[in-house]
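Here is a briefing on one structure. Keep the sequence and the 3D view at hand while reading.

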Amino acid sequence: MTDRLAELSAQGVAVWLDDLSRVRLTSGSLKKMLDEQHVVGVTTNPSIFQKALSDADAYDAQVKDLSVMRVTVEEAVRLMTAQDVRGACDVERPAYDASNGVDGRVSIEVDPRKAHETESTIAEAKTLWWLVGRENLFIKIPATLEGLPAITATLAAGISVNVTLIFSLERYRAVMEAFLAGVEQAKANGHDITKIGSVASFFVSRVDTEVDKRLEKIGTDEAKSLMGKAAIANARLAYEAYEEVFGTDRWKALAAAGAHPQRPLWASTSTKNPDYKDTIYVEELIAPGTVNTMPESVIHAFADHGEVRGDTITGAYPQAHQVMADLKAVGIDFDDVVKVLEDEGVDKFAVSWKELLESVHKSLQAGTGV
């Protein structure tokens, strides 16, 4: 029987799960995915935790304890999510050790309401790093303009970072600059840079959702022929930028000192349009040194019928550049597209966080499960 996920891993694509809950830990589901489906990392976000903590039974005992302790709502949420992430770090520790600290990572996000507050983000990143207390942790920081200096400062403190909500090539280049500066400062500060990891989460399907909507509105045959092409082209050009930056002498000096590169991570890889193949954002973004974080449904779909055709990125740079040129020619303002997507991304996570706080607040007041 073909093990498609093993084939994908063999191409240099790390398979990560974009989901986490207490049930995944207590049932052994995450451990099984590590053992049987090559899942060597976990990503979370406020929406994932909002969904996870809606499970009354799983968190009942902890909520009762926290209610008795009379902790604040924010403290309760952080203690519950930190416990889940700590547990996932322990499950993924074998992958971390086997990969010399490259994989086996689990992410926890700073409060999304602080996406435009540099100093608050830095402070929370340090607190979460201490609270979870696992070296295979990633602190997720959004790639807003205010997030960029926070990324550098957090890395400079010896803390591993998952940079999230990247949509544009311009911002991605700024993220890579923030990473290089952070690792250089960490080295100067005396931190062991062989222990510092980072990924840059480049969002995929949401790009097609926004661009396709605009192409549909333009309505010409030329415009409609470009539907479903923007996201993959944009991500492929991100990998081109990655190859360029991590081929420089500046990076080579850090690599010689033992630093790990900041890998591109393809996020938002479930298809939003039912007309598109459910594994397209995996199959078309295969290249060495990448991560693809998928919902469980996409992992199962790829295991069932995904295609591994070797590297599907580096040979496609000319086509990717052409797609972006064609989009511009039909009237797509890509700078506006990515601005809308970043703003929406921050807002959506902030709403999920607010809903999470409200749900936990009610539970604490009742002294019962979520």
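Which residues are linked in a network of salt bridges? They are Arg-236, Lys-277, Glu-283, Glu-284, Glu-307 and Arg-309. The model is a predicted one.

- Strand S1 covers residues 13–17 and strand S8 covers residues 290–294. The two run parallel and are joined by 5 bridges.
- Within that pairing, Trp-16 has Thr-293 of S8 as its bridge partner.
- Strands of a sheet pair through backbone hydrogen bonds, in a parallel or an antiparallel sense.

**Helices on the sheet**

- S3 is mostly covered, with 5 of its 5 residues buried.
- In a regular strand, side chains alternate between the two faces of the sheet.
- Arg-105, Ser-107 and Glu-109 point one way from S3. Val-106 and Ile-108 point the other way. All of these residues are buried.
- On one pairing, strand S2 (residues 39–42) joins S3 in the parallel sense over 2 bridges. Gly-41 has Arg-105 of S3 as its bridge partner.
- S3 also pairs with S4 in the parallel sense, over 4 bridges. Glu-109 stands opposite Lys-140 in S4.

**Nonpolar core**

- The largest nonpolar core has 124 residues.
- The residues with the most contacts inside this core are Val-85, Ile-139, Tyr-172, Trp-266, Leu-327 and Val-360.
- Leu-327 touches Val-211, Leu-215, Leu-226, Ala-230 and Ile-332, leaving aside residues up to four places away in sequence.

**Salt bridges**

- A search of the whole structure finds 29 salt bridges.
- Arg-113 forms a salt bridge with Asp-111, with the closest N and O atoms 2.7 Å apart. Arg-113 counts as partly exposed, at 41% relative accessibility. Asp-111 is buried, with a relative accessible area of 6%.
- Glu-184 and Arg-250 meet through their side chains in a salt bridge of 2.8 Å, N to O. This pair links distant parts of the chain. Glu-184 lies in helix H9 and Arg-250 in helix H13 (residues 249–256), 66 residues apart.
- Both partners count as partly exposed: Glu-184 at 30% relative accessibility, and Arg-250 at 31%.
- Lys-339 and Asp-343 form a salt bridge of 2.9 Å, N to O. Both lie in helix H17 (residues 334–366), 4 residues apart, which is about one turn of the helix. Asp-343 is partly exposed, with a relative accessible area of 31%.

**Aromatic pairs**

- The count comes to 9 aromatic pairs.
- Trp-16 and Phe-138 form a tilted pair, 6.2 Å centre to centre, with 40° between the planes. Trp-16 lies in strand S1 and Phe-138 in strand S4, so the pair ties together parts 122 residues apart in sequence.
- Trp-16 is buried, with a relative accessible area of 0%. Phe-138 counts as buried, at 1% relative accessibility.
- Why is the pair of Phe-179 and Phe-246 tilted? The ring planes of Phe-179 and Phe-246 stand at 50°, so the pair is tilted. The ring centres are 6.0 Å apart.
- This pair also links distant parts of the chain. Phe-179 lies in helix H9 and Phe-246 in the loop between helix H12 (230–245) and H13, 67 residues apart. Phe-179 and Phe-246 are both buried.
- Phe-179 and Phe-246 belong to one aromatic cluster with Tyr-239, Tyr-242 and Trp-251.

Definitions and conventions:
Residues numbered from 1 in each chain as written. Predicted model: local features only at pLDDT ≥ 70, side-chain atom pairs only at ≥ 80, totals over all residues. Heavy atoms only, no water. Pairing = 2+ DSSP bridges. Core = buried A, V, L, I, M, F, W, Y, C linked by side-chain atoms within 4.5 Å. Buried < 20%, exposed > 50% of the residue type's maximum accessible area, 1.4 Å probe, protein only. Contact = heavy atoms within 4.5 Å. Salt bridge = Lys/Arg side-chain N within 4 Å of Asp/Glu carboxyl O. Phe/Tyr/Trp six-rings, centres within 6.5 Å; stacked < 30°, edge-to-face > 60°.
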